[in-house]
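Work through the exercises below with the sequence and the 3D structure at hand. Each task is followed by a solution in steps.

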Amino acid sequence: MSEDGGSTWKYAKEVDGYTFSYSCLTVLANGDIALLYESDFSETREMTIKFTTFSLDWLVSS
């Protein structure tokens, strides 16, 4: 997460350890962050659409 318009990225967490693409982020009504992305999680390396949510507190925690 950047707090200065993308000049630096102070906070980072790994959500998926595999290859991913076409990510889309949005903030939900409760303040959580929603992430929709494609991942090659399976052994066949086929891309699968995934959805997850996380809190801002989780993102900025160490």
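Two strands pair if DSSP finds at least two bridges between them. Helices (H or I, at least four residues) and strands (E, at least two) are DSSP runs, numbered from the N terminus. This is a predicted model, in which local features need pLDDT of at least 70 and side-chain atom pairs count only at pLDDT 80 or more, while totals for chains, interfaces and linings use all residues. Residues are numbered from 1 along each chain as its sequence is written, and side-chain values use heavy atoms, with hydrogens and water left out.

**Exercise 1. The chain as a whole**

Task: State which helices and strands the protein chain has, and in which pattern they follow.

Solution: 
1. The protein chain has one helix and three strands.
2. Along the sequence, these elements follow the pattern β-β-β-α.
3. Taken along the principal axes, the C-alpha atoms fill a box of roughly 40 × 25 × 20 Å.

**Exercise 2. The sheet**

Task: Find the order of the strands in the sheet and the sense of their pairing.

Solution: 
1. Strands of a sheet pair through backbone hydrogen bonds, either parallel or antiparallel.
2. Here three strands form an open sheet in the order E1-E2-E3, and the pairing is antiparallel.
3. E1 and strand E3 (48–54) are the edge strands, since each pairs on one side only.
4. On average, neighbouring strands of this sheet are turned by 15° against each other, direction ignored. For this angle, axes are lines fitted to C-alpha atoms, for helices over the stretch in contact, and angles run from 0 to 180 degrees between N-to-C directions.
5. E1 and E2 are joined by six bridges. Phe20 has Ser39 of E2 as its bridge partner, Cys24 has Leu36, and Leu25 has Leu35.
6. E2 and E3 are joined by seven bridges; in one of them, Ala34 has Thr53 of E3 as its partner.

**Exercise 3. Covered or open**

Solution: 
1. Buried means under 20% relative accessible area, exposed over 50%, and partly exposed in between (1.4 Å probe, protein chains only).
2. For the protein chain of 62 residues, 16% count as buried.

**Exercise 4. The loop between E1 and E2**

Task: Describe Gly31 in the loop between E1 and E2.

Solution: 
1. The hairpin of E1 and E2 has five residues between the strands, and Gly31 takes a positive phi near 95° there.
2. At a relative accessible area of 40%, Gly31 is partly exposed.
3. Gly31 and Phe54 are 23 residues apart in sequence, and their C-alpha atoms are 9.3 Å apart in space.
4. Leu28 lies in this loop as well, and at 33% relative accessibility Leu28 counts as partly exposed.

**Exercise 5. The aromatic pair**

Task: Find which rings pair and classify the pair by the angle of the planes.

Solution: 
1. Rings of Phe, Tyr and Trp (its six-membered ring) pair if their centres lie within 6.5 Å; planes under 30 degrees apart count as stacked, over 60 as edge-to-face and the rest as tilted.
2. A search of the whole structure finds one aromatic pair.
3. The rings of Phe54 and Trp58 have centres 5.2 Å apart and planes at 55°, so the pair is tilted.
4. Phe54 is buried at a relative accessible area of 14%, whereas Trp58 is partly exposed at 34%.

**Exercise 6. The largest pocket**

Task: Give the volume of the largest pocket and say which element gives the most to its lining.

Solution: 
1. On a 1 Å grid over the protein atoms alone, a pocket is an open set of points where a 1.4 Å probe fits, with protein on both sides within 12 Å along at least five of seven lines; lining residues have an atom within 4 Å of a point.
2. Grid points are joined across faces, edges and corners, and a volume is the space filled by probe spheres set on the points.
3. The volume of the largest pocket is about 440 Å³.
4. Its lining has 18 residues, of which Lys13, Val15, Leu25, Leu35 and Phe54 lie nearest the centre.
5. Strand E1 (20–27), strand E2 (33–39) and helix H1 (56–60) each supply at least two lining residues, and E1 gives the most, with five.
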